[in-house]
Amino acid sequence: MASNILFLPFRKTHPVSLSAAIKQYISTKYDQHPDMFARDLELIDQLRSAAILAVEPHVTGIRKIQAYAAQLVWMGGKFPIDIGADFTWYPALGYNTARPMSQNNLRFELANILYNLAAMYSQLAFSSIRSTSEGLKAASNYFCLSAGVISHLKTEVVPEMRSAPPEDMDEMTLESLEHLLLAQAQECFWQKAVKDGLKDASIAKLAAKVSDLYSVAGDFGIKSDTISSEWIHHMTAKHHHFAAAAQYRAACDCLEKRKYGEEVARLRDSLACVDEALKETRYINKAVLSDLNGLKNKVQEDLKRAVKDNDLIYLIPVPPKSELKTLDRASMVAAKVSKEVSDSSSMLGDHGEFGRPLFAKLVPYSVHVAASIYADRRDRLVNHTIIDELEGLTNKIHELLQSLHLPGSLQALEKPLGLPPTLIDHAEEIRQQDGINRLQRSIADTEKLKLSDHAVYQEGVRLLRSEEAADDQFRLKYGTQRWSRPASKDASPKLYKQIAEIDGYLKQAEATDKLIQAKMRENESLLCLLAGSDRDLEDFVPSSRRPTMTARTEREANNLRACLNDLSRLESRRKRKIDALRQKAKADDVTPDLLREAARLEREWPMRPLQAAQFEDFFDARLRRYDADIAALAAEREEQARLLTRLADANAAFGAARAGSDSATRQREEALQKLSAAYTKYKETIANLDTGRVFYNDLAKLASRFADDARAFAHARRADAAALEADLANATVASRQAAQLQQQRDEAERRRLDAETRHRERVQRESADRERDQLAWAQRQRERPQEAMQAPVPTRASVLPLSVEAQGNGQATVQGVWHPDMPIRFAGAGTGAGTAAGGGSGGGGGGAPEGQQQQVNGLGLGPGQSRAKDGRWDPGSGVRFG
């Protein structure tokens, strides 16, 4: 049924297994298994099916389309737009609605879904009962919502597609559709105003705005390649129609205000606008044409009455159109972008209108990258900036103590007999830890890890080298022009760069291992003593006689002991601080806060994929929790410097007080100092071996990843090489076949040319032979005597030219030649076997030989034919020529 308004048709599509593409992407790009999201995968397909099947104007279809669109927006922050599903959609407008368009693009899918939402709103407006005020309000609201979706599509979705938009979603088309929908919404308000009986001035303002909106829609439609000419003519006609309606209502207002001259002018302008609209009669439907004709009739009647009244009664001058005041506009509509469209993510949740967000527990790849970046920065800050600094300070203490022969010199004085308690504690610790075996096991474990890492690394290198050698062989075999794919190092420079990186790590670690093993061998004998029995230690540490200690010596010894105890407490406290700091870093799980930050970013930028760079501010704020530990380093340095200075002074005073000690005391002092240094190096070796084990475990992950990448790269390159080699082989076979075909053609051409040459030579020989024979014949003719040729005797036949036979000379008969004086006679039917050869008017004469024909004016009388008795031609006898 014809209508005076338009609606947007739905776009059509084909079913697509979006869940299969998402499942494949999760399998290849995430650490989580797709089966964790089995229900979500099922729901996304159900939502799409419900949305694409909502192609009937019913309010229930709105929620179906909005729910699927909201999930698409949410998924835009979880997955890339090229997720691996080809979405096929047919245009709804234009001249190519039967030609589908396919794109591997989530935003392309979202754009088409939102377009269908706009079409749903427009068709709901079209199907509303516009004969009532409530129906007109509902229709206008639906048109505004439809225009809002088109506006959102134009400003937010299409610019973010990263690909060419469909031909019916270009900027000009969307602008035209938006203004068309707003014009029809304003038209509903105008119609409601007329129905409610508002003042003419108000109705004129509403109509003028309707005309403006239709005009803008038509202008954009002309610039669009997909808005049909039918729609453009419709919008043009409606533009002039409502311009006429606005002037008519303004004229009615002038009549009410007794502005009779202006009334006539506006009615004339209204009639002119109607006539402009009626120029589109051929292209507009019956409903619009009926509205125009009804308006024209009304305007003509009122104009006739107004002109008559003004001419006879009022006599007010009619102003020209240029002096008429421009009508005011009253806009009652605007594009409404609903919250379900502009902020659809907020409608998702456990209690949200559109249900829970799908794949919410799927950690985006960018979040994994961000977590790795934060962990690396945190570990570098904690281990290198803080712990390495603290351990460096502790090493300075040990170096100073060793240079000052402490605490051996003090222990030798305090306990000249037996073993000092500190030495006994150190020895007991090594025995309980099974120190020697522990070191050997740690070295063996480290060596195994190193060999394993080296083997995995070498496997990856072997794969790359093998693939590179095979590629070089193919390039040598086929040539660089035919073997045109990139060289191995150019195809994956990052992978080949890792070869040197991992090799550098292994060489550096091997050098460190050798240094650690060398230190262990240097202290192995002393460690064996510490790990042995107390008797062995007592045998190694000589006893000395108890010296006589003066008050000064005892005072300085106590002062030095206090300094050593302070340093020992500082070292113990520092060790606990390092352990606590490591536990703090280990417990620093950034994932929950990172997911919350990612969710916040997704809400703020729903159409922008997350990137690790977006978390920089979060990283800086998170790492500030270690500012206190960094600030404590300065206090540690100051306290240690003060204690070391105090220790050096106390040791100097102690040395001056005990000057002149005997050789036995010095030997005991040296033995105790060696054992104390051996214990310190033991602790360092244990720490270094633990660090080495952690390093090789981390390197194992790097080497395994390198080997896996190398294996995948080599497999892909082999497959590519096989395909390329097959193509080259096919090309070689084709070229060989082409060469053979060309050779056959060349051979056929050569045989043709040979045949032509032989034919030409044969013709030339025959021509030469003929010329030679002709010359010989001519020579013989010249040599023969010539006989005189008798001139012919002219004769004249009485009726027909008869053949003249030479008498007695045996020459052939010579036929006569006809001339104008000779008569023409036609032969009649005869029954004899012969034909008269000569004969006059009586038909007698000598008989000609049987079968001989006479030529009569070019007509031949065949056998069985004869002249008619009266000399006339008998038509039944026929005519024979030749």
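1. R475 counts as buried in this predicted model, because its relative accessibility is 16% and the cut-off for a buried residue is under 20%. D472, with a relative accessible area of 41%, is partly exposed.

2. D472 and R475 form a salt bridge, in which the closest N and O atoms are 3.8 Å apart. Both residues belong to helix α15 (residues 435-478); they are three residues apart, so about one helical turn separates them.

3. Which residues are linked with D472 and R475 in a network of salt bridges? The network also contains E467, D471, R485, R717 and D720.

4. A second pair to examine is R305 and E263, which form a salt bridge with the closest N and O atoms 3.1 Å apart. R305 lies in helix α10 (residues 286-314) and E263 in helix α9 (residues 260-278), so this pair ties together parts that are 42 residues apart in sequence. R305 is partly exposed, at 29% relative accessibility, whereas E263 is buried, with a relative accessible area of 3%.

5. In the salt bridge between E109 and R48, the closest N and O atoms are 2.6 Å apart. Here the partners come from helix α4 (residues 106-127), which holds E109, and helix α2 (residues 38-52), which holds R48; the pair therefore ties together parts that are 61 residues apart in sequence. Are these two residues, E109 and R48, buried or exposed? Both are buried.

6. As for the total, the model has 57 salt bridges. The pairs discussed above, including D472 with R475 and R305 with E263, are among them.

Note on methods
Residues are numbered from 1 along each chain as its sequence is written. This is a predicted model: local features need pLDDT of at least 70, side-chain atom pairs count only at pLDDT 80 or more; totals for chains, interfaces and linings use all residues. Side-chain values use heavy atoms; hydrogens and water are left out. A salt bridge is a side-chain nitrogen of Lys or Arg within 4 Å of a carboxyl oxygen of Asp or Glu. Helices (H or I, at least four residues) and strands (E, at least two) are DSSP runs, numbered from the N terminus. Buried means under 20% relative accessible area, exposed over 50%, partly exposed in between (1.4 Å probe, protein chains only).
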